[in-house]
Amino acid sequence: MLITNNELFRDKDIEQVIVKGSAFDVLLETRDHIHRGYKLLSSPISASIRMIMSPVRTVVLCSSPGALDEYSLSQIEAAIEKHGLITENRGEDISNLSDYAILDHELTMSAISEVEKNFWR
């Protein structure tokens, strides 16, 4: 499942939750899903500061019956905190929205490909 605010995923045949809001809103929705028993399959925060400032974010999750996944919860909490610290004074970079959407889409599709490849091992 994807949690995203990226318009490029709108017509994809992938289970998704569309967030009408910022990248920060995507992180908050992801945290809510983790509390409902989902588990992270992709990192909720980018490795570069430039991508953290992106207004577009997609996170890949899977349903994980059972107890709350503490690792996923700690990762999303850290991502929320890091995003807040970096964008607090600068804000999100909306001037390059279409470029960020393409990068987010490509990185997410790559993550999905890796998950699928490792699933069948």
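In what order do the elements of the protein run from the N terminus on? They go β-β-α-β-α-β-α-α.

## What you're looking at

This is a predicted model, so a few ground rules apply: local features need pLDDT of at least 70, side-chain atom pairs count only at pLDDT 80 or more, and totals for chains, interfaces and linings use all residues. Residues are numbered from 1 along each chain as its sequence is written, and side-chain values use heavy atoms, with hydrogens and water left out.

## The overall build

Counting up the secondary structure gives four helices and four strands. Here helices (H or I, at least four residues) and strands (E, at least two) are DSSP runs, numbered from the N terminus. The radius of gyration is 14 Å, close to the 14 Å that the globule rule gives for 121 residues, so the protein is as compact as a globular protein of that length. That radius is taken over C-alpha atoms, and the globule rule is 2.2 Å times the number of residues to the power 0.38. Along its principal axes, the C-alpha trace spans about 40 × 30 × 25 Å.

## Inside and outside

Of the 121 residues, 40% are buried. Buried means under 20% relative accessible area, exposed means over 50%, and partly exposed is in between (1.4 Å probe, protein chains only).

## The nonpolar core

In soluble globular proteins, nonpolar side chains tend to be buried together. In this model, the largest nonpolar core has 18 residues, and Ile3, Ile34, Leu61 and Ile76 have the most contacts inside it. Such a core is a set of buried Ala, Val, Leu, Ile, Met, Phe, Trp, Tyr and Cys residues joined through side-chain atoms within 4.5 Å. Two or more residues each come from α1 (23–35), β3 (38–40), β4 (58–63) and α3 (70–90), with α3 giving the most, five residues.

Take a look at Leu61. Setting aside residues up to four places away in sequence, Leu61 touches Met1, Ile3, Thr30, His33, Ile34, Tyr38, Lys39, Leu40 and Leu41.

Leaving out residues up to four places away in sequence, the residues Thr58 touches include Leu2, Ile3, Thr4, Phe9 and Thr108. Ser42 is also touched by Thr58; the two are 16 residues apart along the chain, with C-alpha atoms separated by 8.9 Å.

Val56 sits in the loop between α2 (49–52) and β4, and counts as buried at 5% relative accessibility. Apart from neighbours within four places in sequence, Val56 is in contact with Asn5, Asn6, Ala23, Leu97, Tyr100, Ala101 and Asp104.

Ser95 lies in the loop between α3 and α4 (97–119) and is exposed, at 62% relative accessible area. Its C-alpha is 9.4 Å from that of Pro55, 40 residues apart along the chain.

Gly21 is in the loop between β2 (16–18) and α1, and counts as partly exposed at 36% relative accessibility. Gly21 and Thr4 are 17 residues apart along the chain, with their C-alpha atoms separated by 9.4 Å.

Technical notes: Contact means heavy atoms within 4.5 Å.
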